[in-house]
Amino acid sequence: MRNFWQLYKRNRSAVAGLIILVVVVVVAAIAPILFPQDPFSLAGLAMSPPGENGFLLGSDSLGRDVAAGIAHGAKTSLLIGLLATIVAVGFGTIMGGLAGYFGGKIDDLLMRTTEMFQTIPSFVFAILLVAILKPSINSIVIAIAVVSWPAVARLVRGEFLSLKNREFVQACHTLGMSDIRIMLGEILPNCLSPIIVIGSLMVATAILIESGLAFLGLGDPNIMSWGFQVGAGRTLLRSAWWVVTFPGIAILITVLAINLVGEGLNDALNPRLRERQ
Amino acid sequence: MRIRNWMGIALGIVFVALAGLSAHAQKAGGTLVMLVQPEPPSLASYQSTSGPIGLMAPKVYDGLLDYDKDLKAVPSLAESWTVSDDGKTVTFNLRKGVKWHDGKPFTSADVQFTIMNVLKKIHPRGPNSFKEVMEIETPDESTAIFKLANPAPYMMRSFGSYESPIVPKHLLDGQDLKSASIANKPVGTGPFKFVEWKKGQYIRLDKNEDYWKEGLPYLDRIVGRFIPDASTRTAAMEKGEVHYGAYGAIPNVDVVRLRELDSIGVTTDGYAMINPVSLIEFNTTKPPFDSPAIRQAISLTLDRQFLIDNIWFGYGKPATSALSSSYAATGLYAEGMPNYPGKPDLEAAKKVLDDAGIKPDANGVRAKATLDLIPYGEDWRRAGEYMKQALGDIGIQLDLRYEDVPTWLKRVYANYDFSMNVNYFYQLPDPVLGVHRHYGTDQIRQGTHFVNSSRYSNPKLDALLESGAKEPDAGKRGAMYKEIQEILANDMPVVNLHEMKFLTVFNSKLKGHDASGFGAYGSFDQTWFDE
Amino acid sequence: MRLLEIRNLHVCLPEGSERAHAVEAVDLDLAPNEILCIVGESGSGKSLTARAVMGLLPKPHVRVVDGTIEMDGEDLVSASDARMRDIRGSAISMIFQEPMTALNPVMSIGDQIDEVFRFHVSMGRRERRERALALLEDVHLPDPEYIMRAYPHELSGGQRQRAMIAMALALDPKILIADEPTTALDVTTQAQILKLIKEMQAAHNTGVLFITHDFGVVADIADRVAVMQFGKLVETGTADEVLNNPRHPYTQALIAAVPSLTPRPPRGQSAQPVLQIDSLIKTFRSGGGILGFGGGERIVKAVDDVTLELRRGETLGIVGESGSGKSTVARCIVRLVDADSGRILLNGTDLNGLGRAEMRPFRSSIQMMFQDPFASLNPRTRVGKIIMQGPLLQGVPATEAQAKARELLSIVGLDDRAYDRFPHEFSGGQRQRIGIARALALDPDVLVADEPVSALDVSIQAQILKLLDEIRERMSLSMIFITHDLRVAAQVCDRLAVMRNGEIVETGATAEVFKDPQASYTKELLAAVPGQNWRSA
Amino acid sequence: MSQTAKRLRYVLKRLLQALPIILAIIIVNFFLLHMAEGDAVDVLAGEAGSATPEYMAELRKKFGLDQPLPVQLLVYLKNVITLDLGYSFRHDMPVLDLVLDRFVPTLLLMVSTIILAVGVGIILGLLAATGLNSWRDTLISVFALVTYATPLFWVGLMFIVVFALNLGWFPTSGMENIAMFYEGWDRYWDIAHHLVLPTITLSLFYLALYTRLMRASMLEQAGMDYVTTARAKGLTERRIMFVHVLRNALLPVVTMAGVQVGALIGGSVIVESVFAWPGLGMLAFESLFARDVNLLLGIFLLSAMLVVAVNLIVDIIYSWLDPRIEVE
């Protein structure tokens with residue numbers, strides 16, 4: 001662990017990313033303390049510019065506090081990113097693991113399935129899923145996960161394919177270990193690093209997809225998120241730039257930070273890179 | 001017995017003369033690019049009243065009549081018309097020498113076919129408007145005589161080209177109306193001919209050189225352009241790539257900014273015919289909205305002016321009754337209805353609820369419900385978000401639901417699986433056409449859109465609606481409608497929110513686009529560019 | 001006359017490494033037409049010395065910090081980058097261990113040779129092409145026209161190395177540096193390449209700096225020898241001096257560790273078979289898809305009708321070159337690979353065709369040891385647990401399995417503290433010991449060892465072989481020992497089976513096979529073993 | 001077998017392999033779409049204003065929506081075999097005509113985006129990798145990250161404001177100047193002019209991906225043995241980077257480009273919406289909300305075929321770049 005941190009620390013931008021990310025998480029956690037009121041509440045004069053009428057980052061067309069929305073929305077956006085990633089990574093790992101481990105017909109079938117998902121225009125497919133399942137946090141998470149898992153499956157399959165022929169795995173076979181135990185106990189722990197890396201980047205992508213869906217009017221109307229703010233404020237871009245720009249910057253910074261952290265993780269966890277240094 | 005309406009003829013002559021005179025002042029030529037949003041499903045205005053169809057089709061088709069800015073009927077395909085004393089016979093004298101765009105002559109047979117075989121059959125409002133028309137006689141090629149079962153004064157408001165386009169019999173007769181090729185390639189008698197529809201991009205109409213109005217139209221071409229994103233539409237308008245956008249094509253928030261520019265004009269004229277009102281429909285058959293008290297409380301609580309100021313940026317007028325105040329001209333609108341306060345009255349609302357026994361629980365919640373929002377744009381979402389906050393103040397806790405159009409239509413009008421729904425309706429120039437459909441027991445038609453989905457049923461009201469429809473005397477009719485409005489203000493099956501003001505935004509060089517009472521749904525034959 | 005003079009060479013390592021200098025105070029001389037072998041085990045600094053000469057150290061962390069490298073009186077350490085580029089490829093050139101990765105996979109051999117001419121001499125396209133063809137002819141590559149157009153993957157390992165040599169000799173360099181050029185090759189190919197290098201060196205009067213870890217190779221090729229250990233030069237001298245009369249204890253120990261080619265005396269053995277392999281066949285298919293739009297399906301007969309017998313207490317060696325199918329036989333025996341047909345009788349029970357569950361009870365009787373000490377242990381599992389896994393799976397109680405694991409650690413010569421550590425904390429030899437402990441934890445009757453010492457340095461190799469020998473005695477194991485190295489086979493195996501292309505070409509007692517090989521292939525193999533004239537002790 | 005025959009055979013094989021995938025896409029989406037509430041008739045009637053249930057039932061019958069689902073599916077599949085993609089309920093036109101009409105704009109946007117994103121991505125990645133850890137590398141990396149993290153629609157709207165309104169260099173939206181109805185070369189020029197902003201906007205996101213991938217790939221390849229060989233041959237660093245490393249480093253980028261075609265078509269929805277570009281993405285979006293099942297399935301079918309075709313082209317490019325891969 002200490003070793004990992006040493007390696008991580010060497011990448012300065014990754015450390016910066018981590019700091020930003022921690023700040024975002026802290027803001028999300030203490031949002032109810034910072035802004036005790038419902039972020040949807042009509043807090044004051046509509047379309048106040050930043051700094052005026054008691055609004056740090058201005059207010060939107062209904063007089064809602066943009067800053068409060070960003071703080072409360074951080075939780076939703078991170079949650080959507082995290083949940084969608086967990087679902088996608090979980091499912092993708094299972095599919096890719098089975099395909100890579102067993103090979104043959106199972107591999108063919110599962111890989112054709114992922115190919116199918118990569119052949120469908122993915123964003124349109126996500127829109128379709130949200131529309132059919134009706135816009136809510138759940139359906140957004142499901143839709144993002146459904147279009148994201150094939151990438152994980154391909155990665156995990158590759159890892160399993162190469163690891164299953166490693167001698168330590170063969171040694172387990174000669175000990176009579178069951179397939180499940182070999183997959184979970186022997187192979188999986190050894191491909192966690194790339195999974196963590198792809199997962200971290202996927203959180204960022206999920207946040208972007210959520211904002212894209214919200215832009216097209218497919219957000220959850222009851223829950224404050226950055227996507228919601230962006231979707232609600234986009235027509236105000238020219239009249240009240242702050243309504244859409246600040247949530248947009250929040251998305252940008254968070255996605256940026258997660259990417260930096262992902263790259264840092266990659267540097268620190270990827271043994272090939274490590275050996276080279 | 002027929003009485004010639006000399007008045008009609010005279011008006012016609014004056015009109016043509018005026019058109020001829022003004023041709024000196026106005027310049028011919030130019031291409032008008034207008035925003036059409038969203039892309040229409042077809043151009044079959046004879047079977048769909050869809051807004052974007054209304055923007056393009058009336059340029060191609062003519063109606064029997066047209067309506068001026070005061071909504072007074074003026075001649076169009078009919079040079080003159082007479083109504084018999086008993087109101088049961090209407091005779092139209094048709095213009096001679098008019099040709100369809102394909103060169104075939106226009107005759108009374110086309111009128112007969114259009115009304116009896118098309119509009120009465122497949123037009124969404126036609127069966128209502130022409131309910132009383134039993135048959136149409138065509139003694140010669142230029143005369144059409146409508147025989148009615150009962151007098152139908154409101155019918156005379158339905159002969160515009162948007163509402164009742166006259167379509168070519170020779171292209172439709174004997175065909176399946178629902179899949180005729182003129183749905184996508186209209187052939188009319190109007191000032192512009194259909195040329196091309198590039199899906200996803202534009203519809204192109206070119207000047208009809210043989211138009212029956214001498215010297216008209218001025219424009220060489222009209223192009224209807226589709227731009228899905230509102231901000232982009234605004235930018236295109238600002239840059240002068242498009243010249244005209246109506247029906248909210250340019251969002252109100254941008255209008256506030258654009259109206260300061262010299263190059264851009266803004267008007268709220270041209271919507272008198274459609275008379276739109278926003279409202280909340282309730283499911284009156286199940287709790288919590290089966291009680292009139294809670295519906296009244298909602299009406300008392302909502303700050304209509306807030307909605308107008310913050311969501312529609314000042315364009316609109318708070319609703320004060322079931323009927324729009326624009327009916328004041330015809331004497332049908334009644335002032336001072338209960339439960340339509342000038343300012344929100346939370347105390348009164350709470351009292352109404354308390355009296356009805358709808359008390360708050362430990363968390364201050366009196367009722368919970370889901371508010372469905374009409375999926376026709378962001379404004380309605382904002383309105384819903386406001387209502388959620390406002391009604392929370394009196395203990396009505398709402399969840400918002402925003403689904404796509406088919407899901408929403410199915411939920412509200414087919415499955416009745418809703419409790420509260422934000423919507424807007426066109427009240428049209430007569431309540432029989434636009435208002436009755438909300439409230440009549442006979443309008444509880446499961447599976448039909450935009451009718452009485454509240455399933456409010458009141459025999460007393462039904463009787464009043466029926467006699468109000470037939471009453472030719474304006475004074476008596478006004479009294480009947482006052483009673484109707486009182487009943488509706490107390491029972492509140494629908495809470496009217498505000499009388500909407502649609503905006504037309506146009507390039508200042510564009511003139512004469514407001515010649516017709518239909519505004520954007522007009523023919524644009526007198527529209528021209530002042531370069 | 002000296003071609004190359006290295007004086008007091010110091011190459012530093014990045015901060016935080018085990019030692020400060022990779023190469024320390026090295027002095028070397030190379031004369032024209034001389035082959036100087038630098039010998040040493042991994043980490044001795046022999047490769048970096050060679051790269052320092054080429055100016056190819058992975059700068060900036062690894063660089064020359066002191067000393068001089070003079071070629072014909074010109075110091076290469078202080079030479080400019082541009083000057084070094086001129087020298088590289090023309091005056092000094094280099095060949096590498098793994099010709100597959102050392103050649104650009106997406107460039108034809110012809111283009112890669114052509115580059116050398118283009119960058120160092122001005123010649124017309126035609127002339128360059130003719131020179132290249134002549135070079136390929138010189139290194140005895142068949143059909144040079146074809147080789148010119150071919151990509152590296154289309155050639156065999158030996159052909160690739162010949163192409164590399166052709167490229168290196170293109171401009172008739174004064175010095176050729178060969179960094180373990182035959183290590184990745186089969187023994188017969190190795191012999192050919194060594195012959196070629198000697199031939200070319202003689203023809204061009206080249207000074208060759210030959211890096212190797214293999215004393216057999218040294219004996220065959222060297223004029224002079226330099227021995228390195230931990231970055232320092234421990235001994236230099238003529239080949240004869242160093243090989244036959246080493247003065248430094250390290251050299252002595254190294255040479256002593258080289259297994260002798262003289263088979264060890266046969267042991268008394270029982271005639272009772274433990275394991276019988278009968279008509280074993282295994283084919284591999286590749287290509288072809290789920291719907292059978294094959295077209296590209298390839299069928300390889302990896303094991304073609306192999307029949308073998310392992311007697312109780314003996315060590316049966318299976319020897320052969322890569323691709324001979326020896327490893328596949330081993331994997332079929334332990335059921336890592338399902339054979340197509342044939343029988344594998346363990347104490348009379350046919351293992352072939354048993355399902356996973358049916359196989360489980362027999363797992364403890366037959367165990368395997370793997371080649372790669374780095375790949376054969378799960379990097380995320382503690383050593384104790386690795387050893388315990390087998391017994392636990394067989395239902396042995398945890399405390400008992402733990403005790404057993406600790407005991408085994410001491411048997412294989414590891415500290416008890418190893419129990420709680422991770423594999424990466426151990427050296428290659430130690431890891432092989434852990435691998436042995438894992439295999440022994442189940443008290444097997446039969447141990448299948450697949451090249452268990454090939455990846456190890458020669459001194460470690462000797463230790464592991466000794467350990468295996470002790471354990472075999474102590475636990476009365478029967479062993480199948482797969483190896484490509486005839487020296488190792490001579491010292492370990494009681495009987496030998498020689499495999500080629502999936503078939504067994506010869507079996508017999510080790511001593512007899514060595515003394516009087518029957519199959520021509522066996523003769524070829526034996527003849528190719530490097531350094532056979534060197535030592536008979 | 002001759003090389004050409006081999007290639008043909010390979011192409012055929014790949015197309016055959018794609019068939020089950022495309023079939024699965026149709027079936028999955030068919031059922032998904034029918035799971036959704038409401039159908040095309042509801043939308044048409046809703047738009048028309050008001051329609052009686054009888055009229056709607058008649059329409060359903062006309063569209064075949066009154067049949068049981070499996071029957072509808074079979075009828076659809078049967079038609080597809082004869083290259084009849086059915087009738088769009090909403091547009092009252094054959095789906096094939098509609099989709100082909102939108103195909104050219106989609107292809108234009110897609111191809112120009114791929115060329116721009118991959119091309120510039122490769123160059124930037126190359127520049128970053130060759131100046132490892134210099135200010136150039138940092139600048140390019142930051143640029144890549146920021147473009148990746150900025151929401152697309154925001155970029156699009158900003159481009160319109162800056163380049164179309166303030167600077168007036170480009171039109172705000174659309175595919176051609178429809179007031180003019182240009183012909184011949186003028187028209188091509190006009191379309192190219194309209195293509196600039198949408199292409200740049202859509203490219204930015206992918207550009208970032210390719211830049212990062214190219215940089216990583218260059219760094220990885222720079223550590224390979226053959227690079228040492230090249231140095232040992234006395235080649236210049238320039239030659240090593242641009243001839244030896246570059247070609248090898250391109251391989252993963254090319255693979256990635258192939259994988260992303262599917263995402264590209266979908267990802268263009270937002271750009272098409274912002275710039276009113278008449279592509280398939282927007283059409284898919286609209287047809288989804290109109291429950292125009294036939295049309296949406298047609299779009300999925302066509303875009304799947306497009307993805308398969310592009311992947312095939314990518315494979316051929318790949319086999320051309322990498323002689324180890326044989327097209328067979």
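Of the 5 pairs of chains in contact, chains B and D share the most contacts. The model is a predicted one. In the B–D contact, 44 residues of chain B meet 48 residues of chain D. On the side of chain B that touches chain D, the elements giving two or more residues are strand 1 (31–35), strand 10 (221–225), helix 6 (230–239) and helix 12 (405–414) of chain B. By class, this side of chain B divides into 17 nonpolar, 16 polar and 11 charged residues. Chain B does not touch chain C. The nearest C-alpha atoms of chains B and C are 40 Å apart.

Chain D also contacts chain A. Here 36 residues come from chain D and 29 residues from chain A. Six elements of chain D each give two or more residues to the side that touches chain A: helix 1 (3–35), helix 6 (135–149), helix 7 (152–166), helix 10 (237–275), helix 11 (280–289) and helix 12 (293–321). Helix 10 of chain D gives the most, with 8 residues. The side of chain D that touches chain A has 29 nonpolar and 7 polar residues. Charged residues are absent from this side of chain D.

Within chain D, the domain assignment gives domain 1 (3–93) and domain 2 (96–321). The centres of these two domains of chain D, taken over C-alpha atoms, are separated by 30 Å. Their contact takes 23 residues from domain 1 of chain D and 20 residues from domain 2 of chain D. On the domain 1 side, helix 1, helix 2 (40–48) and strand 1 (87–88) of chain D each supply at least two residues. Helix 1 of chain D provides the largest share of that side, 9 residues. By class, the side of domain 1 of chain D that touches domain 2 of chain D has 15 nonpolar, 5 polar and 3 charged residues.

Chain C is assigned three domains: domain 1 (1–91 + 173–256), domain 2 (97–172) and domain 3 (259–356 + 478–537). Between domain 2 of chain C and domain 3 of chain C, the C-alpha centres lie 36 Å apart.

Chain C also holds an open sheet of 6 strands. The strand order is 16-17-18-13-19-20 (chain C), and the pairing is mixed. Strand 16 (366–369) and strand 20 (503–509) of chain C form the edges, each pairing on one side only. Neighbouring strands of the sheet are turned against each other by 15 degrees on average, direction ignored.

In chain A, helix 3 (residues 66–102) and helix 9 (residues 192–215) pack at an angle of about 130 degrees, with their axes 8 Å apart. Helix 3 of chain A is therefore oblique to helix 9 of chain A. The crossing of helix 3 and helix 9 of chain A is right-handed. Helix 3 of chain A contributes Ser77(A), Ile80(A), Gly81(A), Leu82(A), Ala84(A), Thr85(A), Ala88(A), Val89(A) and Thr93(A). Helix 9 of chain A contributes Ile195(A), Gly199(A), Met202(A), Val203(A), Ala206(A), Ile207(A) and Glu210(A). By class, this contact has 10 nonpolar, 5 polar and 1 charged residues.

In chain B, helix 8 (residues 292–301) and helix 10 (residues 346–355) pack at about 170 degrees, with axes 8 Å apart. These two helices of chain B are therefore roughly antiparallel to each other. From helix 8 of chain B, the residues are Ala293(B), Ile294(B), Gln296(B), Ala297(B), Leu300(B) and Thr301(B). They meet Leu346(B), Ala348(B), Ala349(B), Val352(B), Leu353(B) and Asp355(B) of helix 10 of chain B. The contact of helix 8 with helix 10 of chain B divides into 9 nonpolar, 2 polar and 1 charged residues.

Definitions and conventions: Residues are numbered from 1 along each chain as its sequence is written. Chains are lettered from A and ligands numbered from 1 in the order in which they are written. This is a predicted model: local features need pLDDT of at least 70, side-chain atom pairs count only at pLDDT 80 or more; totals for chains, interfaces and linings use all residues. Two residues are in contact if their C-beta atoms, placed from the backbone, lie within 7 Å. Helices (H or I, at least four residues) and strands (E, at least two) are DSSP runs, numbered from the N terminus. Ala, Val, Leu, Ile, Met, Phe, Trp, Tyr, Cys and Pro count as nonpolar, Asp, Glu, Lys and Arg as charged, and the others, Gly among them, as polar. Domain bounds come from an automatic or database domain assignment. Two strands pair if DSSP finds at least two bridges between them. Axes are lines fitted to C-alpha atoms, for helices over the stretch in contact, and angles run from 0 to 180 degrees between N-to-C directions. Angles under 35 degrees count as roughly parallel, over 145 as roughly antiparallel, 65 to 115 as roughly perpendicular and the rest as oblique. A crossing is left-handed if the near helix is turned anticlockwise from the far one by less than a right angle, and right-handed if clockwise.
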